[in-house]
Amino acid sequence: MITVLGGTGTTGRRVTARLLARGAGVRVGSRRGTPRFDWHERATWGPVLAGTRSAYVAFHPDLALPGVPSLLGAFAAAARAEGVEHLVLLSGRGEEGAAAAEEAVRASGPALTVLRCNWFAQDFSEHFLLPAVRSGTLALPAADAVEPFVDADDVADVAVEVLLGGRHRGAVLELSGPRPLSFADVAAELTRASGHEVRYVPSTRDACAAELVAQGLPAELADLFALVLDGRNAAPTGDVERVLGRPPRDFADYATATAATGVWSPAPVAP
């Protein structure tokens with residue numbers, strides 16, 4: 001039995017589908033699942049972990065937020081007490097707060113594999129940047145920063161290999177796409193794929209925070225964006241190919257395939 005926490009999220013639902021396709025027993029941990037799981041209700045942890053050999057752990061919205069390291073450390077201790085042998089933790093590249101959460105899990109819990117990821121390509125189609133793409137304007141406090149965006153399907157493929165295989169237990173894997181792109185480059189790729197113009201406009205931290213809050217996300221994420229877009233994560237890594245034996249998916253291929261779904265059709269203009 002493998003538990004997938006965040007099993008209805010961007011990577012979690014992909015991990016779940018792949019595990020099921022390969023014949024694994026899967027228990028999805030979510031607030032709407034059975035048994036129900038809630039990070040902030042510790043009484044819900046044990047029933048989800050009971051009888052589990054390993055678990056994929058995706059914490060929403062981000063490991064780097066205040067208070068998360070202690071919460072994850074307590075969860076890891078609970079997992080060990082339930083007999084869980086291996087945790088695979090979704091994390092972020094270059095985030096000191098996320099590294100603190102990683103260490104809290106490592107100190108308290110079972111064997112740990114960490115998947116440190118660049119920004120997901122799917123942030124533009126399944127998450128907080130979707131409305132911006134539909135409106136035609138990407139406004140972010142990124143200046144001319146570059147990012148090797150990683151595809152969530154690649155992250156899920158790596159997670160499943162780690163969960164089912166005997167390798168990479170205890171490793172820290174850094175997952176990126178194959179090439180760095182500026183947000184202006186991203187806007188050009190989205191324009192080409194979607195058929196309607198998408199522009200990138202450098203924004204301020206405060207404007208970004210206000211937009212995040214409007215979408216129900218913490219304003220503190222704007223500070224995290226500014227931190228990780230300082231060039232520290234600009235270089236692509238080779239860990240996707242090392243684990244999967246193939247190159248990571250390019251952003252252009254993601255954009256072409258995603259545009260075909262119609263998800264980026266511009267929002268209708270109110271009369």
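A contact here means heavy atoms within 4.5 Å. With that in mind, Trp119 touches Phe128, Leu129, Leu140, Glu147, Phe149, Val150, Phe183, Phe225, Val228 and Leu229, leaving aside residues up to four places away in sequence. This is a predicted model, in which local features need pLDDT of at least 70 and side-chain atom pairs count only at pLDDT 80 or more, while totals for chains, interfaces and linings use all residues. Residues are numbered from 1 along each chain as its sequence is written, and side-chain values use heavy atoms, without hydrogens and water.

Trp119 also belongs to the largest nonpolar core, which has 61 residues; Phe124, Leu138, Leu190 and Phe251 join it among those with the most contacts inside. Such a core is a set of buried (under 20% relative accessible area, 1.4 Å probe, protein chains only) Ala, Val, Leu, Ile, Met, Phe, Trp, Tyr and Cys residues joined through side-chain atoms within 4.5 Å. Helix H3 (residues 68–81; helices are DSSP runs of H or I, at least four residues) gives the most to this core, with six residues. A second, separate core of 24 residues includes Ile2, Ala58, Leu175 and Val240.

Now for the open space. A pocket is an open set of points on a 1 Å grid over the protein atoms alone, where a 1.4 Å probe fits, with protein on both sides within 12 Å along at least five of seven lines; lining residues have an atom within 4 Å of a point. Of the 49 residues that line the largest pocket, Ala58, Phe59, His60, Pro61 and Asp62 are the closest to its centre. H9 gives the most to this lining, with four residues.

Key: Buried means under 20% relative accessible area, exposed over 50%, partly exposed in between (1.4 Å probe, protein chains only). Helices (H or I, at least four residues) and strands (E, at least two) are DSSP runs, numbered from the N terminus.
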